[in-house]
Amino acid sequence: MVIKAFSVMIIFVILMIFKTCVVFSANVLSVSRENIQIKKEQLYSSTLPQLLYFQNKSVWVVGDSLMVGWDGKSNVTKSAPEVLSKTLSLANLNNQYSISGSQISGNRSNGTMMDLTNKVSAMLADENFKQADILLLAMGVNDLNYSDNNLGYVQQRLQYNIIRLKNANRKLKIVGILPFCSYLSNKQSDYSISELQDGLQEVYESFSIPALDWRYAGISFTQQDTNDGVHPNEKTYQIMGLLMANFLVTNRNTMHVQTNHLKQFISNGWQVNEQGFRQYAKENVLLTDWHYLKGKYYYFDPATKAVRK
């Protein structure tokens, strides 16, 4: 009787797993039927062990409006992280640290967790953070569009906060999600979207962290996939969620953060630090006293290295 009961239980488990795989395949096929430009063979064909790997995992997402699911006018029905969660049948998805307008660099907290350093500080104080298994870092486009912090400083802040996260949760696996396309014409930075993507990829690679690069994700995205040149439309968010799920499955064994080969990133230009001080760096050295920059004189306080208004 014991053997028979055990056999029945095994059959039940196999049926439940098969049901999960069917749901995964149905998600892929439904997207194809809606005439979205995605082919079934471009998505990873998950096997039972690969799907089972995620069913007891807690995944946290730290992102901006693209992880919230903002399409330029309102939030879509299902954000990319929600599509990912349903596809992989995650045990837990925590997306509360994704906030529209967030940047990697600078300090614009205004009482909320707007930027990465503020978010990480809040996460380290979160009693549930040590139970997180996988963390998705998906920020950067707002640094490109709405900040004049130099790219080297953006890289430094990403590196600094990855170290903080790993030190607080030693078992944490991290995956980078590079910024999506941006067609905004009047951006505040002096670097391109490609330079930003390459720069952030360089940081992730220094930690041996896999990072999803939308330029090489198997789908050719254009401005038509966005509503306003920055925020994807609902169908694009569905594709992004499936591609993120595929990327996690493919890289499930390569998310371990390595800190023994870190690079030094160089800040050259304007930066706003965590105290809100606006500073100017030359080869990581902050200016003090009077300096003539791009046709204008500035005075930098010797104590704070901040420009005097």
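Predicted model: local features only at pLDDT ≥ 70, side-chain atom pairs only at ≥ 80, totals over all residues.
A residue counts as exposed when its relative accessible area is over 50%. You will find Glu283 in the loop that links strand 7 (278-282) to strand 8 (285-286). The backbone is worth a look here too: phi of Glu283 is near 55°, a positive value in a residue other than glycine.

Follow the chain onward to Lys294, which sits in the loop between strand 9 and strand 10 (296-300). Phi of Lys294 is near 50°, again a positive value in a residue that is not glycine. With a relative accessible area of 79%, Lys294 is therefore exposed.

Now step back into strand 9, which spans residues 289-293 and holds Tyr292. Because its relative accessible area is 52%, Tyr292 is exposed as well.

Finally, let us turn to a pair of helices. Two packed helices are described by the angle between their axes and by the distance between those axes. Helix 7 (residues 151-168) packs with helix 8 (residues 193-206) at an angle of about 30°, and their axes are 10 Å apart. The crossing of helix 7 and helix 8 is right-handed. On the helix 7 side, the contact is made by Leu151, Val154, Gln155, Leu158, Gln159 and Ile162. Helix 8 brings Glu195, Leu196, Gly199, Leu200, Glu202, Val203 and Tyr204 to the contact.

Definitions and conventions
Residues numbered from 1 in each chain as written. Heavy atoms only, no water. Helix = DSSP H or I, 4+ residues; strand = E, 2+ residues; numbered from the N terminus. Buried < 20%, exposed > 50% of the residue type's maximum accessible area, 1.4 Å probe, protein only. Axes fitted to C-alpha atoms, helices over the stretch in contact; angles between N-to-C directions. Left-handed = near helix turned anticlockwise from the far one by under 90°. Contact = heavy atoms within 4.5 Å.
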